[in-house]
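Here is a short briefing on one protein chain. Look over the sequence and the fold before reading on.

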Amino acid sequence: MSSSTTSHAYGVGLIALLVAVGASTIFYTGFYLPESLAKPSVPEHILKPEGTLIIDIVVGAVNEGADNYVPNKAVATLEQNNLVKWINLDDTPHTVSPDHRTSDAYSGDFGSAGVLMPGEEYEFLFTAPQEIHYHCQPHPWMTGTIIIEKSRF
Ligand SMILES: [Cu+2]
């Protein structure tokens, strides 16, 4: 009698354990994983800033010593103009390439995918403060800095 009670209790314990493992697996794969892989939640004012900061790649930018990215050390403010757009006004293809690989948690890796042909644009939405030094791949003497700052209000 006592031995059958023990094995019965053992069986119930085992079932409870299996149910617990099953439930936590379902929770982990069904709820926790998708949540943790999703993009971070970013305030609406940062996703849709009031304005866009424009950086021109000016005519003659290809020439060493000439102005290239204008403004060259640009400061964008979150919620105001954290959408930044580079426009190639020069008649030569250029890139916007980070000196060191960098990414934004929401927007992903920073940098133009390939060259910007004359007239083309590269746009990036920054969602957190950071400072990036970048350059043009075919013309490494072309360098610029973009700084993203928190809004003061
Ligand atoms: Cu260039």
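This is a predicted model: local features need pLDDT of at least 70, side-chain atom pairs count only at pLDDT 80 or more; totals for chains, interfaces and linings use all residues.

The chain holds 2 helices and 10 strands. From the N terminus, the order is α-α-β-β-β-β-β-β-β-β-β-β.

**Overall layout**
- The chain has 153 residues, and 21% of them count as buried.
- Among contacts between residues at least 6 apart in sequence, 62% join residues at least 24 apart.

- Strand β1 covers residues 52–57, and its side chains alternate.
- L53, I55 and I57 point to one face and are buried.

**Partners of β1**
- Strand β4 (residues 83–88) runs parallel to β1, joined to it by 6 bridges.
- Within β4, V84 is the bridge partner of L53.
- Strand β2 (residues 69–70) pairs with β1 in the antiparallel sense, over 2 bridges.
- In β2, V70 stands opposite D56.

**Loop residue T127**
- T127 sits in the loop between β8 (121–125) and β9 (130–135).
- Why is T127 partly exposed? It has 19 other C-beta atoms within 10 Å, and a buried residue needs 20 or more.
- Leaving out residues up to four places away in sequence, T127 touches V42, I46, D104, A105, Y106 and S107.
- L78 is 49 residues from T127 along the chain, yet their C-alpha atoms are separated by 7.0 Å.

How values were computed. Residues are numbered from 1 along each chain as its sequence is written. A residue is buried if 20 or more other C-beta atoms lie within 10 Å of its own, exposed if 12 or fewer, and partly exposed in between; C-beta atoms are placed from the backbone. Helices (H or I, at least four residues) and strands (E, at least two) are DSSP runs, numbered from the N terminus. Two strands pair if DSSP finds at least two bridges between them. Two residues are in contact if their C-beta atoms, placed from the backbone, lie within 7 Å.
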